[in-house]
Every structure is written in structure tokens, then in C-alpha cells.
Amino acid sequence: GKELAKMYASRGSRVCLVARNAEQLKEAEKECLASGEESKIFSVVADFSDVENMVRVRDTIQRTESYV
């Protein structure tokens with residue numbers, strides 16, 4: 001997942017990173033930003049095995065990205 005996110009970041013894409021571990025998520029975010037300075041990267045700490053977390057991620061994306 002992280003390598004794919006870095007690839008999209010290097011192309012200037014908007015990337016939403018999701019992980020359970022906040023420290024690893026911040027590191028992945030730094031790596032993505034280093035891959036593509038033009039990219040818009042944001043991250044959400046969440047566990048997709050929990051439906052409430054999935055809803056929270058969706059809500060975050062909808063608030064962050066007006067086109068969704």
C-alpha cells in the first residue's frame with residue numbers, strides 16, 4: 001500500500017493514507033510528501049475492521065475533498 005501511495009504522490013495525486021499505527025502513518029506521509037511535493041497528502045488513523053472507523057474515514061475524505 002505504501003509503495004502505491006508513493007507512486008501516486010510522485011504523480012501529483014491526492015492521497016489519503018489510512019493505518020492503525022499513528023507513528024507508521026506519519027512516516028508514510030513524510031515519504032509520500034518526499035515523493036511528490038505537488039501532491040496533496042492527508043492521513044487518518046483508523047482500523048478498517050471497525051465499521052465506525054470506516055465511516056469516520058469516509059467523512060474525513062468528504063470534508064477534505066470538495067469534489068467527492
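Tutor: What follows is a set of questions and answers on a predicted model.

Student: How do strands S1 and S2 run, and how many bridges join them?

Tutor: S1 covers residues 14-19 and S2 covers residues 40-45. The two strands run parallel. The number of bridges joining them is six.

Student: Which residue in S2 is the bridge partner of Val18?

Tutor: Look along S2, residues 40-45, which is joined to S1. There, the partner of Val18 is Val44.

Student: What handedness does the β-α-β unit have?

Tutor: The unit is made of S1, helix H2 and S2. H2 spans residues 22-35. The unit is right-handed.

Student: Is Met54 buried, partly exposed or exposed?

Tutor: Met54 sits in helix H3. Its relative accessibility is 39%.

Student: Is Glu65 buried or exposed?

Tutor: Glu65 lies in the segment after H3. Its relative accessible area is 3%. Buried means under 20%, so Glu65 is buried.

Student: Which side chain joins that of Glu65 in a polar contact of 2.9 Å?

Tutor: The side chain of Glu65 makes a polar contact of 3.3 Å with that of Lys40. The contact of 2.9 Å is with the side chain of Arg14.

Notes: Residues numbered from 1 in each chain as written. Predicted model: local features only at pLDDT ≥ 70, side-chain atom pairs only at ≥ 80, totals over all residues. Heavy atoms only, no water. Helix = DSSP H or I, 4+ residues; strand = E, 2+ residues; numbered from the N terminus. Buried < 20%, exposed > 50% of the residue type's maximum accessible area, 1.4 Å probe, protein only. Pairing = 2+ DSSP bridges. Right-handed = clockwise from strand over helix to strand, strands pointing away. Polar contact = N/O pair within 3.5 Å; in protein donor to acceptor, adjacent residues only side chain to side chain.
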